[in-house]
Amino acid sequence: MSDNELGVLLRARREALDPAVVGLPAGPRRRTPGLRRSEVAALAGVSVEYVIRLEQGRDRRPSPQVLAALADALRLTPAERNHLLILTKAADGAFRCRGAAAAARTVRAGARALLDRLEPAPAVLLNRLGEILAHTPAFERLAAPAGLLDASADGDPPSLPRFVFTDPRARTVFPDWEHVADEQVAALKQGPFRADGAVAALADELSVTAGEPFTRRVATLPGLPLAHGVLRMVHPGVGELRLAYETLDLPADDDQRLVVHLPADAAATAALDRLAGRRPGALRAVPA
């Protein structure tokens with residue numbers, strides 16, 4: 001499996017960038033999406049050959065000046081620029097931000113208390129492997145009937161990536177399965193990815209158990225999951241729900257993230273109220 005994460009990010013952002021954004025005509029003769037390598041090179045003030053070397057992974061340690069020029073040329077967001085820096089630092093391999101630490105599975109009392117106060121919103125605490133460590137009762141009412149909280153055979157916590165890629169129910173639970181699968185891979189690749197032993201072991205496992213749907217995404221998607229959005233989910237009891245989600249990263253020492261779901265429309269609000277057996281209005285839909 002390729003570990004050319006810098007090249008994956010540069011190519012993905014080049015192909016996603018609308019030529020009009022950088023003042024170039026789209027034109028009917030363009031055969032590839034986004035910008036050509038020659039256009040990126042011209043905008044960044046480097047040679048086309050160097051852009052090719054970076055995308056192919058033959059050079060993984062560009063200078064800070066080149067990184068800044070490429071980030072400007074590709075109109076990278078602050079989060080993308082930070083990820084770009086992480087990837088170039090991880091290319092050295094001599095330093096590990098997390099050392100040899102296993103994925104955190106202990107939940108601090110403060111984080112658990114925060115979860116308690118988020119009820120009646122469906123909220124879940126995940127580690128960097130996408131393992132479900134703690135959740136609100138509302139999340140259990142939402143996720144358990146769909147199978148997301150089923151215990152694993154080896155005693156590990158329930159795993160969102162394993163459910164999405166290996167459980168046959170996942171494509172029914174998530175009508176937008178392709179997008180959900182993209183986001184799960186992007187979350188695993190956030191950071192040094194295969195330089196992280198725990199994440200690399202899970203990636204190796206899913207490469208075997210899930211095959212091409214997983215490995216293709218690893219080869220083409222950068223590690224930049226969406227921090228917020230709308231998730232469509234089908235619950236066996238109340239049908240399809242549209243849930244707005246917000247992702248909050250806990251401090252680095254926790255190595256965990258909190259995902260809070262809120263109804264995205266009136267139908268989802270009513271469905272969550274029915275699941276809880278409470279009067280309507282305990283939760284309000286997120287404004288569009």
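This is a predicted model: local features need pLDDT of at least 70, side-chain atom pairs count only at pLDDT 80 or more; totals for chains, interfaces and linings use all residues.
**Entry 1: ground rules**

Buried means under 20% relative accessible area, exposed means over 50%, and partly exposed is in between, using a 1.4 Å probe on protein chains only. I looked up Arg194 with that in hand: its relative accessibility is 24%, so Arg194 counts as partly exposed.

Residues are numbered from 1 along each chain as its sequence is written, and side-chain values use heavy atoms, with hydrogens and water left out.

Helices (H or I, at least four residues) and strands (E, at least two) are DSSP runs, numbered from the N terminus.

**Entry 2: Arg128**

I went to Arg128 next and found this residue in the loop between β1 (123–127) and β2 (132–135). Is Arg128 buried or exposed? Its relative accessible area is 8%, so Arg128 is buried.

I then checked what its side chain touches. I used polar contacts (a pair of N or O atoms within 3.5 Å; within protein, one must be able to donate a hydrogen and the other to accept it, and residues adjacent in sequence count only if both atoms are side-chain atoms). The Arg128 side chain has one with the side chain of Asp196 at 2.6 Å, and one with the side chain of Asp255 at 2.3 Å.

**Entry 3: salt bridges**

Side chains of opposite charge can pair when their charged atoms come close. A salt bridge here is a side-chain nitrogen of Lys or Arg within 4 Å of a carboxyl oxygen of Asp or Glu. How many salt bridges does the structure hold? I got 24.

Arg128 and Asp255 form one of them, at 2.3 Å from N to O. This pair links distant parts of the chain, since Asp255 sits in the loop between β4 (239–249) and β5 (256–263), 127 residues from Arg128. In space their C-alpha atoms are 6.6 Å apart. Both Arg128 and Asp255 are buried.

Asp204 is in helix α11 (residues 197–209), and Arg194 is ten residues away in the loop between α10 (177–188) and α11. Asp204 has a relative accessible area of 39%, so I put it down as partly exposed.

Arg242 lies in strand β4, and Asp265 lies in the loop between β5 and α13 (266–276), 23 residues apart. Arg242 is partly exposed because its relative accessibility is 34%. Asp265 is partly exposed too, at 23%.

I also noted a network: Arg14, Arg37 and Glu55 are joined by salt bridges that share partners.

**Entry 4: around α13**

Asp265 turned up again at the start of α13, where one of its side-chain oxygens reaches to within 3.3 Å of the backbone nitrogen of Ala267. Which residues of α13 are buried? I listed Ala268, Thr269, Ala271, Leu272 and Asp273. They pack against α7 (137–143), β4 and β5, where contact means heavy atoms within 4.5 Å. Just after α13, I saw that Gly277 takes a positive phi of about 65°.
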